[in-house]
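Student: I'd like to go through this one with you. Can we take it slowly?
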Amino acid sequence: MDDLLYNIRQCTICSEHLPLGPRPIVTAHPNAKIVIIGQAPGTSVHKTGIPWDDPSGRQLRKWLGVTDKQFYDETKIALIPMGFCYPGKGKTGDLPPRLECAPQWHEPLLNKLPNIELVILIGMYSQKYYLRSEAKKTLTETVANYKDYLPKKYLPLPHPSPRNRFWLTKNPWFDIEVLPELQVRVKQLIL
């Protein structure tokens with residue numbers, strides 16, 4: 001695992017497309033039972049090198065019902081983005097994750113995580129990549145049908161970005177149904 005993580009952190013396959021240059025962000029350990037597959041680091045995370053070290057990360061930790069110490073314990077939770085580096089700014093926010101990363105690195109990483117019991121898919125990029133044809137037409141439908149994916153260890157979530165406040169307000173069932181299920185599963189796996 002150490003060699004693989006070293007190689008990922010040295011990766012430059014899409015460096016010409018990265019406005020801030022490559023800085024792959026990932027944490028994983030063979031003992032981890034949960035993997036969180038997010039989108040791509042933002043500028044704050046690019047600066048610190050710490051995954052989910054931003055308002056979205058704070059919201060995600062609340063959703064999971066975990067402390068910072070639990071969240072960053074790589075022996076419990078692996079943090080693997082779809083794109084390992086900050087992709088740049090678009091018209092309405094950050095650009096999508098670079099397409100090179102997941103095909104290059106996810107399978108080798110997941111093969112070294114034999115104890116995974118829950119894969120949390122954050123946002124539509126990870127959901128489309130992992131759920132493929134089983135993903136619904138919209139992120140809302142996919143998240144609403146989360147129980148369909150649990151037998152395969154997947155639990156889809158919206159992105160915890162502060163920009164998604166409108167989505168959360170419009171979909172109160174998420175707080176009522178999905179978050180309690182998520183928290184119970186996470187608690188069982190990290191204790």
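Student: What makes the sulfur of Cys11 too far from the closest cysteine sulfur for a bond?

Tutor: First, a word on the source: this is a predicted model, where local features need pLDDT of at least 70, side-chain atom pairs count only at pLDDT 80 or more, and totals for chains, interfaces and linings use all residues. Residues are numbered from 1 along each chain as its sequence is written, and side-chain values use heavy atoms, leaving out hydrogens and water. Now, a disulfide is a pair of cysteine sulfur atoms within 2.5 Å. The closest cysteine sulfur to that of Cys11 is in Cys101, 6.2 Å away, so it's too far for a bond.

Student: And how do you know that Cys101 is in no disulfide?

Tutor: Its nearest cysteine sulfur, that of Cys14, is 5.0 Å away. A search of the whole structure turns up 0 disulfides.

Student: Why is Cys11 called buried?

Tutor: Buried means under 20% relative accessible area, exposed over 50%, and partly exposed in between (1.4 Å probe, protein chains only). Cys11 has 15% relative accessibility, so it counts as buried. Cys101, at 5%, counts as buried too.

Student: What makes Arg132 exposed?

Tutor: Its relative accessible area is 56%, so Arg132 is over the 50% cut-off. Arg132 also has a phi near 45°, a positive value in a residue other than glycine.
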